[in-house]
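Here is a short briefing for a first look at this structure. Keep the view open while you read.

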Amino acid sequence: VESLKKVLVIHTEVEFVEMYERQPLFAEVDQFLRAQGFVFHRFASVHGRPMKPIHLLQNPLAPISQQMWADAVYVRDLWELQEHSKEELVKTALILHELYKSYDVVHHVLQKVDGAVAKRYLD
């Protein structure tokens, strides 16, 4: 928990159904990260498998409807950014821009750094 205090963005695999014995599922991971000051940002990817015996002939492992796991992205609480330094906010903005193309959130974060910087970001 102590090491999370300096983390700005988390990209983690989460499961919706138990795939490993006694593993925490998405809801539990979400509750834990929220308690550490993070908020869910988005799924970077979502994956599943078909429910047998039905499957697609061209790709038997392609999901049809059952989602089983995903890569979830969490960020520091976007409504409590005053607790972070300008350097941390710029790093957060850079990560969200480059890796996740989260342009609206980047603008929101940059507004907390400097309104002029945020305006230039839109240009």
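Contact here means heavy atoms within 4.5 Å. By that rule, Val 109 touches Leu 78, Leu 81, Leu 89 and Ala 93, not counting residues up to four places away in sequence. The model is predicted.

- Three strands make up an open sheet. Their order is β1-β3-β2, and the pairing is antiparallel.
- β1 (9-15) and β2 (38-48) are the edge strands. Each has a single partner strand, so one side of each has no neighbour in the sheet.
- From one strand to the next, the twist averages 25°.
- Helix α2 (residues 86-100) packs on this sheet and touches β1, β2 and β3. The direction of α2 makes about 50° with that of β1.
- Strands of a sheet pair through backbone hydrogen bonds, either parallel or antiparallel.

**Strand β3 and its partners**

- β3 covers residues 67-76 and pairs with β2 over nine bridges, in the antiparallel sense.
- β1 and β3 also run antiparallel, joined by seven bridges.
- Phe 40 has Tyr 74 as its bridge partner in β3.
- Is β3 mostly covered or mostly open? It is mostly covered, with eight of its 10 residues buried.

**The nonpolar cores**

- The largest nonpolar core has 17 residues. Val 9, Val 75, Leu 78, Leu 96 and Val 109 touch the most other members.
- β3, α2 and α3 (103-113) are the elements that give two or more residues to this core.
- Which element gives the largest share? That is α3, with five residues.
- Another core, of 10 residues, lies apart from the largest one. Its members include Ile 10, Leu 33, Phe 38 and Tyr 74.

**Helices α3 and α4**

- The buried residues of α3 are Val 105, Val 106, His 107, Val 109, Leu 110 and Val 113.
- Their cover includes β2, α2 and α4.
- α3 packs with helix α4 (residues 115-122) at an angle of about 155°. The two axes are 7 Å apart.
- Angles over 145 degrees count as roughly antiparallel. α3 and α4 are therefore roughly antiparallel to each other.
- On the α3 side, the contact uses Tyr 103, Val 106, His 107, Leu 110 and Gln 111. They meet Gly 115, Val 117, Ala 118, Tyr 121 and Leu 122 in α4.
- The residues of this contact divide into seven nonpolar, three polar and no charged.

**Gln 36, a loop residue**

- Gln 36 sits in the loop between α1 (26-35) and β2.
- Buried means under 20% relative accessible area, and exposed means over 50%. Gln 36 has a relative accessible area of 22%, so it is partly exposed.
- Gln 36 touches Val 1, Leu 4 and Arg 76, not counting residues up to four places away in sequence.
- Gln 36 and Leu 122 are 86 residues apart along the chain. Their C-alpha atoms are separated by 31 Å.

Terms used:
Residues are numbered from 1 along each chain as its sequence is written. This is a predicted model: local features need pLDDT of at least 70, side-chain atom pairs count only at pLDDT 80 or more; totals for chains, interfaces and linings use all residues. Side-chain values use heavy atoms; hydrogens and water are left out. Two strands pair if DSSP finds at least two bridges between them. Helices (H or I, at least four residues) and strands (E, at least two) are DSSP runs, numbered from the N terminus. Axes are lines fitted to C-alpha atoms, for helices over the stretch in contact, and angles run from 0 to 180 degrees between N-to-C directions. A nonpolar core is a set of buried Ala, Val, Leu, Ile, Met, Phe, Trp, Tyr and Cys residues joined through side-chain atoms within 4.5 Å. Buried means under 20% relative accessible area, exposed over 50%, partly exposed in between (1.4 Å probe, protein chains only). Angles under 35 degrees count as roughly parallel, over 145 as roughly antiparallel, 65 to 115 as roughly perpendicular and the rest as oblique. Ala, Val, Leu, Ile, Met, Phe, Trp, Tyr, Cys and Pro count as nonpolar, Asp, Glu, Lys and Arg as charged, and the others, Gly among them, as polar.
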